[in-house]
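Have the structure open as you read.

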Amino acid sequence: MWSVAWLLLGVITTVTSQDTGNHPDWPRWCGKVYKPDYPSFDPGGQTLPPAPDPLAPLLHVQFKPRYSLYLDSEKTGEFIVSAEISQFHGTRLGNNTSKNVEFHINTTTDNKVLVKDTIPVNSTSKLFTFKLAGLTPSLSPIQVTLTYSTQGPSVKTTLLYLPSKPSGSVTRIDNLNGGLHHLNAASNHTFKPILPYGFYASYDNFLALPNSSSVIQSYADLGLTGMVPLSHYPESASAFAYMDSINLPYMFDLRENYTNQTWVKEQVTAAATTEDSGEALFAYWSVDEPDGWQAPFSAPVETYATISSVDPYHPIALVLNCQNYFFEKYSAGAADILMADIYPIGIRDSSANLTKSKWGTPCNATYGDCGCDNCAGSVLDVPNRFDDLNKYEKWLGLWPKSKFFNPQAFHGEGYWPRDPSPEESWAMVLLALNRGVKGILSWVWPASEELGKAHGRLASVVSGEEDGVVGLLVEGKGPEKLSTGATEVDAAGWVDKEGKKMLVSVVHTGEEDIEGSVELEVPRGSRVGKVVWDESSGNGDGNWEIQEGKLTKNGLKGMGTALVILELSG
């Protein structure tokens, strides 16, 4: 967070570490100067659409293990294989008229065959089972190779097959859709879906209080299901222990001193291997906004390697701030989870419609800093940013990483004159979920009482086990965009593994109420099972119901939100 760095680390005045982009000797944020003493220039580092390959059409084959790790207590695993026809990535398709691609997946070092099968041309995300029994558990990744066609082109990835742990937790990412699965004593040592939803929690104003256990319990009692404690060992050992005891999932913070690899190793060792520690640990936060600070590209990669060498049982997250500044350089090899700081609320008020920042400069693609990079100052900046990140991965031919959203729950610093309202907060969170986000961690706790309760209410719905919403969001097929017929209404759906239920998320992104009927295209034969969240109604508005094969509602208030579970006919 821009605010994190300034609040906790102080203003960074030296520029020796700002060695990416243009004019590294000038004060910049996201590669752009933000003081009027300096002229505007192209910051560089933009990810752009690729040019079509002259040999297109191409066959773009990709594969990944279904899960980011497997344990030696499991008997089988799965690979996800895609074989898309592409204009940009892959090998020449030529005159091959076959409708299927033959392939085999082998371990690279000893050539052990794991899978030998075929996949239809231009298909994606097909699953292929393999046996784990022939592999040796190791704390190091196993190199695997997929070879296809008689010409023998190949692609490579890694498989993590770990010894089971006698205590503590394990978290893995589902590479099919980015969701997290967590294992610990509270889950009876089986993997269960989680969607962490909470706040970055202050040390001085929260964790360091004499009654830290009591205030952490009050936090959890709001319905919040995740935390990033802004503290470390040994000063907050008792707070971590209490979160472990109540099974409150937390992400361990390493960003304050992430370039000191000795310190990083000591902290990870304490978090993961201390006796009776780490039961609720679900991930590490390695680096905060390296793109904003123009940090050396190698720094996040080095920290990632240090963390994973000590603890391969948990994923590593990194926060991005910029809309389009060296995306690949700051994400590839540096994180398993990409988190995005998107703080748009109020910046139009403080920046005169983004024409002048607190620094006295305009804010645009080549100049200035207004608190939210290249933002318009509305809730729509959130889905637009995740659309951008997903688009960059597609353009670069990368396997998509899991995404988290860091909502704004604060004001100040000359950028943000007010907090978001509860309605704006709910809208931003559901818009992020509609783009496939798998975790919500707001900056910063303690927040206002109003926002604490507001986020707790929504967290208890989307990440609680009641009604199965967390399973649909984490494990369901989706999100699939749903047609609404209204430009200001954003909707998405997730279908469960059995194809019997569908979760529908609806957000009215405008500030004015919609009068009249709102209609969503849903599968034929659907019926409303349960409305699990409804902040969509103004006075006199109707209920959610199925009419003529569509999910409909008469009237939708500005910034209205809803979550509806449909029963499908199958």
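## A buried pair: C372 and C375

C372 counts as buried, at 6% relative accessibility. Keep in mind that the model is a predicted one. The partner of C372 is C375, and the two form a disulfide with their sulfur atoms 2.1 Å apart. C375 counts as buried too, at 10% relative accessibility. The torsion about their S-S bond is about -50°, so this disulfide is left-handed.

## The link of C363 and C370

Another disulfide joins C363 to C370, with an S to S distance of 1.9 Å. Here the angle about the S-S bond is 95°, and the link is right-handed. C363 is buried with a relative accessible area of 18%, a value under the 20% cut-off for buried. C370 is buried as well, at 4%.

## A link across the sequence

C30 and C322 are joined by a disulfide, S to S 2.1 Å. This link is left-handed, with -95° about the S-S bond. C30 lies in the loop between β1 (28-29) and β2 (32-33), and C322 in the loop between β20 (316-320) and α7 (327-331), so the pair ties together parts that are 292 residues apart in sequence. Both C30 and C322 are buried.

Now for the charges. E488, E512, D513 and E515 gather on the surface in a patch of negative charge. One of them, E515, sits in strand β27 (residues 514-521). E515 is exposed, with a relative accessible area of 77%.

Key:
Residues numbered from 1 in each chain as written. Predicted model: local features only at pLDDT ≥ 70, side-chain atom pairs only at ≥ 80, totals over all residues. Heavy atoms only, no water. Patch = residues over 30% accessible without salt bridge, like charges linked within 9 Å, V, L, I, M, F, W, Y side chains within 5 Å. Areas by Shrake-Rupley, 256 points an atom, 1.4 Å probe, with all protein chains shown as cover. Salt bridge = Lys/Arg side-chain N within 4 Å of Asp/Glu carboxyl O. Lys, Arg positive; Asp, Glu negative; His and termini not counted. Charge placed at Lys NZ, Arg CZ, Asp CG, Glu CD. Helix = DSSP H or I, 4+ residues; strand = E, 2+ residues; numbered from the N terminus. Buried < 20%, exposed > 50% of the residue type's maximum accessible area, 1.4 Å probe, protein only. Disulfide = S-S within 2.5 Å.
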